[in-house]
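Please find below a short note on the structure shown here.

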Amino acid sequence: MALYLGIDIGSTTSKAVLLDQEKRIVRTAIRPTGVGSRSVAQDLKAEILREEAGAEPVRVVATGYGRALVDYADRTITEITCHGRGVRFLHPDAAMILDIGGQDSKVIRLDEAGRVEDFGMNDRCAAGTGSFLDVIARRFDLDLKTLADIHTLDPTPFEISSTCVVFAETEVVSLLSQGHDLNDILAGVQRAVARRVVTLVRHVGFTHPIYFSGGVAQNETIRREIQTALGVSMPRARYAQYTAALGAALLAGE
Ligand code: ADP
């Protein structure tokens, strides 16, 4: 059986998707990227092939910020192209993709044929990325799921004005010391992340249907906040954290 492998070495997590020749997902694998050494690429490959009895993929495509670390790849392709391919495969009606990962956020606009028409990216600062939420969660000893479950019925939770995560942390501590409720403040933090991202969506030129991918797509509070700001529903893409790896695997098979 012919197998095709897509590897996405992200800034925070590395993902792999193995496809068969019918474009069916055989298996997925994920692990922290860590310091970004070549071993993460090797370990991912070993993990995803462990039940394939010595089979080797016919072709491997690597993507993501650390794609050069995948020394067994036949080709490297940018994440933008791979996300586009992956999401369009899962959701043929997708016109736009919002991907929020560990250290960047991207907005990709697709044309009718599914080709990338335009995109925007924020990789300069933590605001509007997963690391903003990771820092705040760690500071208050919360896991990401607990943080994502915190929302408030208050339609106007605190506005966190700092876009820099270091200042935002100080702002949160200061609001707490003034006696405000932690849940309201953390809801405000998530609203601030959502607002940043919506600005990027509008900058690229909002079209819909829009799908949400990347690790942060698992955060329902962020998803709802963005939906409210855009005024349309924004479903989470299937295999949301794997869409670039899936796109890479599909391109490996083509
Ligand atoms: P990258 O490709 O840039 O490495 P990912 O798309 O894998 O990033 O996303 C990583 C981010 O996803 C983390 O920084 C974290 O904020 C977020 N994340 C991971 N798991 C969850 C979860 N269960 N709930 C909410 N957010 C999550």
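The points that follow refer to a predicted model.

1. The model contains an open sheet of five strands, arranged in the order 3-2-1-4-5 with mixed pairing. Strand 3 (25-32) and strand 5 (75-76) are at the edges; each has a single partner strand, so one side of each lacks a neighbour in the sheet.

2. Within this sheet, strand 1 (residues 3-9) and strand 4 (residues 59-63) run parallel and are joined by five bridges. L5 stands opposite V60 of strand 4.

3. Helix 8 lies across strand 1, strand 2 (13-20), strand 3 and strand 4, and runs at about 145 degrees to strand 1. Helix 8 (residues 243-252) is mostly covered, with ten of its ten residues buried. Among them are T243, L246, G247, L250 and L251.

4. The largest nonpolar core comprises 38 residues, and those with the most contacts inside it are L98, F132, I160, V201, I210, F212 and I226. Two or more residues each are given to this core by strand 6 (96-100), helix 3 (130-139), helix 5 (165-177), helix 6 (182-204), strand 9 (210-213) and helix 7 (220-230). Helix 6 provides the largest share, eleven residues. A second, separate core has 17 residues, including L5, A16, A29 and Y72.

5. Which residues does F212 contact, leaving aside its neighbours within four places in sequence? The contacts are L98, I100, A217, I222, R223, I226, M234, P235, R236, A237 and A240. Of these partners, L98 and I226 are also listed with F212 among the residues with the most contacts inside the largest core.

Terms used. Residues numbered from 1 in each chain as written. Predicted model: local features only at pLDDT ≥ 70, side-chain atom pairs only at ≥ 80, totals over all residues. Heavy atoms only, no water. Buried < 20%, exposed > 50% of the residue type's maximum accessible area, 1.4 Å probe, protein only. Helix = DSSP H or I, 4+ residues; strand = E, 2+ residues; numbered from the N terminus. Core = buried A, V, L, I, M, F, W, Y, C linked by side-chain atoms within 4.5 Å. Contact = heavy atoms within 4.5 Å. Pairing = 2+ DSSP bridges. Axes fitted to C-alpha atoms, helices over the stretch in contact; angles between N-to-C directions.
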